[in-house]
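This report describes a two-chain protein model. Please read it alongside the sequence and the coordinates.

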Amino acid sequence: MKYLVLLMGDGELKPWTHHTAEEQGELMSRFGAFDAACRAREGVEILSGEALGGPEDSTTVRTRGGQVQLTDGPFAEAVEGLGGFYLVEAPDLDVLLDLLKVLPPYDMQVSPVIDPYADAG
Amino acid sequence: MDELDRVVREGWGRLLAQLLSQFRRLDLVEDALGDAVEAASRTWPTDGAPDNPAGWLMTAARRRVLDRLRTEEVARRKAPLLTIDAARQERGTSTMADPGSLVEDDLLRLVLMCTHPALAPEAASALALRLVLGVPTPDIARLFLVNESTMAARITRAKKRIVGAGIPFGVPDASVLPHRLDTVAHTAYLAFTAGYSPGSGPDLLRADLAGEAIRLTRTVLRLRPDEPVLVALLALMLLQHSRRDARVTHGRLVLLADQDRRRWHSEDIDEATRLLAYPALLEPITAQAAAYVLQARIAAEHALASTPDQTRWDRIVGLYDVLLGLATTPAARLARAVAVAEHRGPAAGLAALEGVEIPASHRPAAVRAELLARAGDLDAARAAYDQAIAACANDVERAHLQTRLDELGS
């Protein structure tokens, strides 16, 4: 299965800019470790993964009455800025959840990617 | 119980797990097994039950799954654009297969899949009763006090989520398994307590259905003998279940102290006592297992007192103190306050009750009313009973509170 992992919020972690350079280095190393752990696990592959610009640089696009309206900022004001994402191929949810423990403990959303050719159930 | 009922009751989960292990199609195998049971109900009464009833059902169900798969294959061939994906699908299937062909492992896989922590606990609980034990959906609905269509929808949603979210049919490695078994236990206990503490309506006790949660726990315990959380939970359930016939007379709730102890099921109490002596419980265990052990030991103190006067309230208060040290819950604080009142009098009980609140529950007010009445503060007791009656959603319990209020006079 393919999963989109959205790094939704800092959870109990300090915001990125509040970390010392040393702490930031430690967090970065965990992304490296996640990468390595995925490569080592059979049936798992990171298909894509990026860090995202902050909410101040996001643009929300809405089409209303046929008109495209642009708003500066993220889609839901209440939600913290989406920090990044991964697109990961994994055999099942448990394998992925196990690997995600390697990342810093961000709040995340894990959504399966729809496979249009999958069995009906 | 006829032969078919017996085979379905004892073998449903194993058959379903074997089918899932072979075909990995939750959407197909449950229907196929249901169809096989239906076919058996038509043919066995006239032709007689086969020599190997479980094997007969397995063969019939397997044939139905294969029929369905063949139909799908035909449909797929008619859609040439999709053929590329057949190879992909086979690959996908092979990555899901895991080694280990023991049937017992398959049943454990089924249990762990139904009780996966990514499922809402109530949905997991219902699903485990349905898929592991084959309990009919109307019975599960009755247990959880929802209507049948709501329960059917809840179970369907949970099954879809298993497939959609990619919840595996597998056993995790040893570092994760104890936590998963904690969730299994929690799921079973949820079904058990649903049968004993109804929130509303006239039906006070659905003990038969609570008994299904005990059956679920026994089933998993057979797969994982000596697993502390399951041993402790089974003991706790048996002790509570042992009082099922004494809790209600003529539709009225009978409090523990007033129950006819001869009607308690001594075989359940004996089994629970043996379980609590298991050496596995002396090893380091999870917090959840420890909480079940303590609750079971408290229940055992009650069960082993031959009259209410002989209850060792001092020991019960001590056990509650340890339990509250593990996790402070309002329900445990309330129960401790009751024990304190029995041990050291109503004034001490009222002091222990200070600040205990359970949202939308009549119980704290009901206990306070009872203790105020015992302390002789009748005006305050009447006010607390009024408060409890207003908050109580269960017909039988409300009638009981009303009786107590009436006894105080005005």
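## Basis of the description

The model is predicted, so local features need pLDDT of at least 70 and side-chain atom pairs count only at pLDDT 80 or more, whereas totals for chains, interfaces and linings use all residues. Residues are numbered from 1 along each chain as its sequence is written, chains are lettered from A and ligands numbered from 1 in the order in which they are written, and side-chain values use heavy atoms, with hydrogens and water left out.

## Chain A overall

Chain A contains 2 helices and 6 strands, where helices (H or I, at least four residues) and strands (E, at least two) are DSSP runs numbered from the N terminus. Read from the N terminus, the order of elements is β-α-β-β-β-β-α-β. Along the principal axes, the C-alpha atoms of chain A occupy a box of roughly 50 × 50 × 20 Å.

Of the 121 residues in chain A, 22% are buried; buried means under 20% relative accessible area, exposed over 50%, and partly exposed in between (1.4 Å probe, protein chains only). Among contacts (heavy atoms within 4.5 Å) between residues of chain A at least 6 apart in sequence, 77% join residues at least 24 apart. Chain A carries 8 positive and 21 negative side chains, and the centres of these two sets lie 1 Å apart. Lys and Arg count as positive and Asp and Glu as negative, while His and the chain ends are not counted; each charge is placed at NZ of Lys, CZ of Arg, CG of Asp or CD of Glu.

## Helix α1 of chain A

Helix α1 of chain A (residues 21-40) has 20 residues and reaches 29 Å from its first C-alpha to its last, close to the 28 Å expected at 1.5 Å a residue. The expected span is 1.5 Å times one less than the number of residues.

The buried residues of α1(A) include A:Leu27, A:Phe31, A:Phe34 and A:Cys38. They lie on the same side of α1(A) because they cover an arc of only 55° around the axis, the arc being that of the directions from the helix axis to the C-beta atoms. A:Ala21, A:Glu22, A:Arg39 and A:Ala40 are exposed on the other side of α1(A). Cover for the buried residues of α1(A) includes β1 (2-9), β2 (45-51), β5 (84-89) and α2 (93-100) of chain A.

## Chain B overall

Chain B has 19 helices and 2 strands, and its C-alpha atoms fill a box of roughly 85 × 45 × 45 Å along the principal axes. Of its 410 residues, 49% count as buried. Chain B exposes about 19,700 Å², of which carbon and sulfur atoms supply 54%.

In helix α12 of chain B (residues 266-276), the buried residues include B:Asp268, B:Ile269, B:Glu271, B:Ala272, B:Leu275 and B:Leu276. They cover an arc of only 165° around the axis, which puts them on the same side of α12(B). The buried residues of α12(B) pack against α10 (207-223), α11 (228-241) and α13 (287-304) of chain B.

B:Tyr385 belongs to helix α18 (residues 378-391) of chain B and is buried, with a relative accessible area of 2%. Beyond its neighbours within four places in sequence, B:Tyr385 contacts residues including B:Ala366, B:Glu370, B:Leu401 and B:Arg404.

Notes: Areas by Shrake-Rupley, 256 points an atom, 1.4 Å probe, with all protein chains shown as cover.
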